[in-house]
There are 2 protein chains.
Amino acid sequence: MTTDVQRSQVSETGAPTTGGDVLTVPFADAPIFTRARALRPTGKVLPEHARSHNRSLVLQTLYTSGAQSRADVSRGTGLTRVTVSDLVADLIAEGLVVELGQREDARPGKPATLIDVDRGAFRIIGIDLSEHQRFLGAVVDLDGGIVSRAEVACAGASGENAVALVVELVRSLLASTTIPVLGIGVGSPGVVDTLGVVRSAPNLGWRDIELQSRLQAEFALPVHVANDANVAVLAEHGASLQDDLLLVKVGHGVGAGLIIGGRPVIGGGFAAGEIGHVVVGTDGGPRCACGKDGCLEAWLAVPRLTAQLAELDGDAPDAASARDRILAEAGRRLGIILAPVVGALNLSEVVLSGPAELLDGALHDATVDTLRMRTMAEHNRDLRLRMTEQAEDIVLRGAAVMVLSGQLGVS
Amino acid sequence: MTTDVQRSQVSETGAPTTGGDVLTVPFADAPIFTRARALRPTGKVLPEHARSHNRSLVLQTLYTSGAQSRADVSRGTGLTRVTVSDLVADLIAEGLVVELGQREDARPGKPATLIDVDRGAFRIIGIDLSEHQRFLGAVVDLDGGIVSRAEVACAGASGENAVALVVELVRSLLASTTIPVLGIGVGSPGVVDTLGVVRSAPNLGWRDIELQSRLQAEFALPVHVANDANVAVLAEHGASLQDDLLLVKVGHGVGAGLIIGGRPVIGGGFAAGEIGHVVVGTDGGPRCACGKDGCLEAWLAVPRLTAQLAELDGDAPDAASARDRILAEAGRRLGIILAPVVGALNLSEVVLSGPAELLDGALHDATVDTLRMRTMAEHNRDLRLRMTEQAEDIVLRGAAVMVLSGQLGVS
DNA sequence: TCACGTTTGTTAGTAAAGCTTACGAACAAA
DNA sequence: TTTGTTCGTAAGCTTTACTAACAAACGTGA
């Protein structure tokens, strides 16, 4: 087979020369890649960093796979038995791991000593500030099980008053447990930066509230603060096989949390997931509080849906189908917004969180249908849309995952 | 200030008990986080990994900041002078770094020996398969400068014929340089997985073509293959300050490449960025080749735009404004698709690649306006939409970045 | 019963990596 | 000429994870 490859040469000085077949291809001058970019804070890696990475790896293996021998961990991680023993000794000394005695089942060879994360050794405080009328809190164990709860009414509270309520809630939860607390995780509405500063949370009247550092100073414990939807998706990720995940949280507002390639997405302005005020479709829609028409929140927020459903005549013969029509239209709107996101990110799983009686029927089905109609079937064949299984504790447990992940490198 | 925190206790066995104020909070049973999830392939970290990371860090520092002394690199990386000297010695032995002699300017102390990446020591082969009528190729230097070019007509070629054309193109480029080649980068249309298998590229009649391994076997050089738009965004990222970046590539089709948190987004089905067949708006639109109405590609692809513009009467008094109306409508449609993506990811920079005469005027302005109208101003205040500065070489240079990044950990 | 193989966890020693400390070389300024 | 500064390198130390070897404890089969 003969092919006709045409070549043009560019001399090192930049002046184009021609060799063989002349070919005039328009091309930009070849500037070097910019050198203006600041050095990325990639940072050096020291031996001790490797050590802490491997430590987390051992912990993660125990955490997800349960009780096993040091030799099992060695096989699971690829580290040698010697190294695993060494790391485990550290973890035992810190009280994070315990020996459980010898394995029972009969096998040849020296019987194995089982070890596991001491799941009762620490507690985590989880706080959910996303509800409209109350702040929720819980003491959570290392497995995500909720040990005790507390809540405080917050209607009308704002600014410093609201901060004081959070402090009281945490104080009350800390008082309710004698077991050491690993840290405090907070899911807050609004825009929260990576330092745990709530840049803006209109509902709470917060603007640049340094919640993380203030709680840390108050309680002398590690504190992590993030947006409520971003926190919620962590809980879902802990219970999911997927490393790409979008969670849509429908409540008084509508927000989303996003994990891509196993990592939470923050956004350049720390506002990733803020899709509540993106306009849906090209045919108008209900007026939104933000002034625009047809924002997703104006279609989908719980108050809007319940108000619409309340207008229905419950005794009318077609009440059920009228209800479904309202919910289906909301679902369709959600699908319209999600389609470009699902397409651009090639997402395989989208999760809904919110009142199941609203989301889990006609609304869900309409969203699925709309997504299928508006994206390319071939690329998104295995897309799943489902309700969360975490129910109303999703933010509390996500907050626990955040602490677990931040303090132990486990999730 | 007295606050009324209410508590409910859950016994360790799971049965709810009440202490103090009784409070009935509905909550799901507290199942542990799933243990079903397979162990993530995080992998152990050995000392040698740390070493190669630090090696890349030194190389990256030299690459982006240019010629400097070992002591400068030490200050820039945080590594000690000793370690830097050691790493640099390795790099010099491999021919990647050269000493340039002593620094000229007069300063107290022993004069510094300048070192830099030997930017002329290696070449990279970049291949762009995304054009409709021809395959493009280039020899690229380590700075991204194009040294020589080649192209081959590919109209009608498909399947194995097309593969043979690519091989010929690479062979020709390799023959044109005597300088050692670091590797081969290929930007292909369609869906390409992480192993460089082109899962599906309808235009080329490709289905599960193992392009990477075949080229690697043929030329005994490192080969990287990825989707053309995903490759293009690498070039843009190399020249941008942003670590979150969306590039929309408008040509015979419409595709996107996405970088989030400095990492390319691949997608669960390796189809991230495939937004060409997402439906725009809720008011129908032109019939698309895929069968749906109003796909982005049906609005925005170059053939569609040129066809529409060709229908205009160029001598009519309002020809210019009619042209702008057509382009503005296309831009508006692009904005409608991008708004949910920009909102969900809180993107700070969106880049357009394609024919500037179509994209860079009314279309660009309409997209910006639409984005502003449909997203929340507060969160996306500093969003920028701009044309690429890489012109038609964007895929070729992106392919070079891919090789650079894959082989040297530099970008 | 008893030698043998198998598995576990530990001890001892080794290789790799980056650190601190120390030092000679080379220059500017006083 | 003296002083202070900066650069690059040498030597030795610490940390880390590795390999090799081994004792303990168990099942198996002659």
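A:Gln212 sits in helix α5 (residues 211–219) of chain A; helices here are DSSP runs of H or I with at least four residues, strands are E runs of at least two, and both are numbered from the N terminus. This is a predicted model, where local features need pLDDT of at least 70, side-chain atom pairs count only at pLDDT 80 or more, and totals for chains, interfaces and linings use all residues. Residues are numbered from 1 along each chain as its sequence is written, chains are lettered from A and ligands numbered from 1 in the order written, and side-chain values use heavy atoms, with hydrogens and water left out.

- A:Gln212 has a relative accessible area of 18%, so it counts as buried (under 20%; exposed is over 50% and partly exposed is in between, using a 1.4 Å probe and protein chains only).
- Beyond its neighbours within four places in sequence, A:Gln212 is in contact (heavy atoms within 4.5 Å) with A:Thr194, A:Leu195, A:Gly196, A:Val223 and A:Val225.
- A:Asn346 is in the loop between α9 (319–345) and β17 (349–353) of chain A, and at 2% relative accessibility A:Asn346 is buried too.
- A polar atom of the A:Asn346 side chain lies 2.6 Å from the backbone nitrogen of B:Gly269.
- Past four places in sequence, the contacts of A:Asn346 include A:His379, B:Gly268 and B:Phe270.

**Around DNA strand C**
- 29 residues surround DNA strand C (a heavy atom within 4 Å of it), and the closest are A:Lys110, A:Thr113, B:Arg51, B:Asn54 and B:Thr83.
- Two or more residues each come from α2 (70–77) and α3 (81–93) of chain A, and from α1 (47–65) and α3 (81–93) of chain B.
- The biggest giver is α1(B), with 5 residues.

**A helix check**
- Helix α4 of chain B (residues 159–175) has 17 residues and should span 24 Å at 1.5 Å a residue, so the 25 Å between its end C-alpha atoms agrees (the expected span is 1.5 Å times one less than the number of residues).
- Among the buried residues of α4(B) are B:Ala162, B:Leu165, B:Val166 and B:Leu169.

- Chain A has a mean pLDDT of 87, with 90% of its residues at 70 or more (pLDDT is the predictor's confidence in each residue, from 0 to 100).
- Over residues 10–41 of chain A, pLDDT stays under 50.

Note on methods:
Polar contact = N/O pair within 3.5 Å; in protein donor to acceptor, adjacent residues only side chain to side chain.
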